[in-house]
Every structure is written in structure tokens, then in C-alpha cells.
Amino acid sequence: MSGRTWVAGALCLLAVGPAPAADADSSPIRWKKTVIDKKFRSEGVAVADVNKDGKPDILVGDLWYEAPHWTPHEIRKAKEDYGDGSNKYSQAFACFADDFNNDGWPDLLVVGFPGAPCHWYENPKGQKGHWKQHVIWRSACNESPQFADLFGDGKKKLVMATQPEGQMAWFEPGADPTRPWTPHPISEPSSKGKKVPGTDVFSHGLGVSDLNGDGKPDVICTGGWWENPGKDTGKPWAFHAANLGAACADMFAYDVDLDGKRDVISSSAHDYGIWWHRQVDGPAFETHALFPRLVSQTHALHCVDVNGDGLKDLVTGKRWWAHGPKGDADPNLPPKLYWFEAKATKDGKVRFVPHKIDDASGIGTQFVVEDVNGDKRPDIIVSNKKGVHLFEQVDRAK
């Protein structure tokens, strides 16, 4: 059985049947790997033209690397040396770049350790010295915060949970962006005996994706989804409880089996598993494995048209030592990075075919798939305990 869906204007085909279990070696794409930094700097990364020279740079919380030679510059003073990451965590679990004070220069948003305050750093506009730090909010919860255009106005919002309220919310800068940002409720606050799903400090699983097909991106967690009202009403969004699988990372909506109902695809943060959750009558969801044992600790996931064929592919890999060398599922296996090619078969079925990109990097808790070298093809930028790496597309099979 095969399925199709439109996601962000592109048709995506997914396999429902068995998927290849081993690495595929017939990738139509070749990749050029550049080791930007060998040290453990962060688990998140962003891309932006920091110095406005027309070349995208790479940012990892403490540092930004200036293209084209990737010269490092400090954004903030590193609190400590994280070593090999065997018993330490970075203070950058996610990084997002945008112009938060509307001065024409890209700034950096950093979500640090879960539950701690998150901040944005003000671009000094070519001046030397550390970037000014501004508090966004006192508590950033859920390990897959999202930065997305919720209302189609071209302005991205920070979507995350907050404690002690136990509430899902979206945040935006106020009239003075240097002050704490304005929170807007997605959920009600948690109450005694009624905990809102996805809102614990270390909750796993969050996505911004159109699940009901009305053209508005909803907010999804493993316990259900909040329906986007299309504008800021100042009130919590309608919640639809559902079982959307085990603890995971980023979550995406798709009509996988072409029955008119959008399903959900997700990947395991600390165990094995890349899944799709089929929407059935109720509505309820049935979980099916796409890749049950291919790679563990897929703590971040992207859906993007990698090879330019109009089909959305998947990109993910292994987060190296998420909880050190003795934690989670097979922490010491090679940290592989994959893209999963969406391919239609002759009998009308379509499956994701895994293509290994690398086996010595993997992913962090958030990464970037974006054109860095200006050739209009998406590249991959990752940062984790293996360092900071850039993978550029360099060739495609004819």
C-alpha cells in the first residue's frame, strides 16, 4: 500500500510496506564533508549571514564560524569545556537565527538545557566583542522546541512548553524585544490530576504541521494535537487527544496511505524506531514501523526535498552519546547520518530508501538542512558531541 500527501507545496510519497534494513549504496547524491570544528560545542546549530557579506555562516551558541574558511568567533563566553561529552551536556540544545530587533542583522536564539531560561543574542553589527544576551523566557521545556511560521505572516514563532505552568505556548518579541517575550497559550496550564501532554521539562516529541488539512500548521505531541485557530485569539487552542506513539523528536503530518486523513511520522529520541502513525476512525492512530532497527537515538528529524525531484525526503541520524557511553540504545555504534529517499515503485508503491551520508558525525537534538553554498540544493549542518560538520551536495547521478 502506498500513500501521497502535499506538504509545503510538494508531493510526498511514503512506503507503508517493509523498508530496507541495511544501508543502501545506490544514492544518487554524493556529499562533501567539511569538519568545521572537532570539539563538542552544542547539540543545535543555525545558519545565517552574520556579517552580511553574502555568505551564510554557521552558529552553535557559543561561537559562529565565518564562511568561507569557517573562522571561529565568540558569541558568548563558554561556561566550560564539555570534553568528549561522556558526562556533560551543552548549553545549546537548539539554535535558530532571525532578526529579532528588526535592525536588518540576523540574531541568534538559543534554547539551552531543558527547563532552564532561553535567550537571544543581539548581533553586534560588525563590532568586536560578545553579543548582548537577552532573556526570552524563564523556562524552556520539551526537548524538540519548534521555530515556525504559525499564521502564514512570514514571522516565525518559538513553540515550546513552560514550567511551572505545565503549559504549551508560542512566544514572540514584544514592543521591546530586549524584554522577556510575550507568551501566548496553545494549551491550558496543567492542573492537579490533569497534566498537559508534552509540557514536562524533558518531554519528547513536538511538531508544527498541518494535521487536519485546513492549511494551518497545528501543534503535535505524542499525546495528541492542538488545532490552529488561524490567528492569535489569546485563548488556548482546541486539543484533540490521541496516542501518537512513544517518546520521539520532531513530528510531521502526512496522509501516508492516501485515505484522506493525515497521519503522523516521528523518530525515536533515545531508542530505535522511525514510525508512521496511521489515522483511523475515531479519530485514533495505529503505529507502524518504517525503520524499526536501522539506527538508534534519532533525536531530530527533517522532511525536505533533498534531491530536487519534488518529493519530500527525510533526513536524520544518530545522536552520539545522548546520555553518555552507557546510556540509551547502543550508544557506541557509529554515529551515522542518513537521508531517506522517497521513491515510487513500478507497482505504484512508494518507499523511503535509506542512503548513508556519513558514519562519524550523526546529529544533535536539532540541526539544519539548508543551501549553504548557493547552488540551490540543500546541504546538511550538524553539531553534537562529535563536533560541527557540514555536508554539501556535490554530485547527482544522471
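Select the lining of the second largest pocket: its residues comprise 5 nonpolar, 3 polar and 6 charged, where Ala, Val, Leu, Ile, Met, Phe, Trp, Tyr, Cys and Pro count as nonpolar, Asp, Glu, Lys and Arg as charged, and the others, Gly among them, as polar. The model is predicted: local features need pLDDT of at least 70 and side-chain atom pairs count only at pLDDT 80 or more, while totals for chains, interfaces and linings use all residues. Residues are numbered from 1 along each chain as its sequence is written, and side-chain values use heavy atoms, with hydrogens and water left out.

The second largest pocket holds about 270 Å³ of space. Of its 14 lining residues, those closest to the centre are Asp99, Asn102, Lys155, Lys156 and Pro173. A pocket is an open set of points on a 1 Å grid over the protein atoms alone, where a 1.4 Å probe fits, with protein on both sides within 12 Å along at least five of seven lines; lining residues have an atom within 4 Å of a point. Grid points are joined across faces, edges and corners, and a volume is the space filled by probe spheres set on the points.

Next, display the largest pocket, with a volume of about 1200 Å³. Among its 41 lining residues, Phe147, Ala148, Lys156, Phe252 and His302 are the closest to its centre. The lining divides into 27 nonpolar, 6 polar and 8 charged residues. Strand E12 (141-148) is one of the strands that each supply at least two lining residues, and E12 gives the most, with 6 residues; strands (E, at least two residues) are DSSP runs numbered from the N terminus.

Now centre on histidine 204, in the loop between strand E15 (182-185) and strand E16 (207-209). Histidine 204 is buried at 17% relative accessible area, buried meaning under 20% (1.4 Å probe, protein chains only). Its side chain makes a polar contact (a pair of N or O atoms within 3.5 Å, one able to donate a hydrogen and the other to accept it; residues adjacent in sequence count only if both atoms are side-chain atoms) with the side chain of glutamate 143 at 3.2 Å. The side chain of histidine 204 also reaches the backbone oxygen of phenylalanine 202 at 2.8 Å. Beyond four places in sequence, histidine 204 is in contact (heavy atoms within 4.5 Å) with residues including Thr222, Cys248, His270 and His299.

Finally, select the cysteines. The count is 0 disulfides, a disulfide being a pair of cysteine sulfur atoms within 2.5 Å. For cysteine 221, the nearest cysteine sulfur, that of cysteine 248, is 8.9 Å away. Cysteine 221 is buried at 1% relative accessibility, and cysteine 248 is buried at 0%.

Definitions and conventions. Helix = DSSP H or I, 4+ residues; strand = E, 2+ residues; numbered from the N terminus. Buried < 20%, exposed > 50% of the residue type's maximum accessible area, 1.4 Å probe, protein only.
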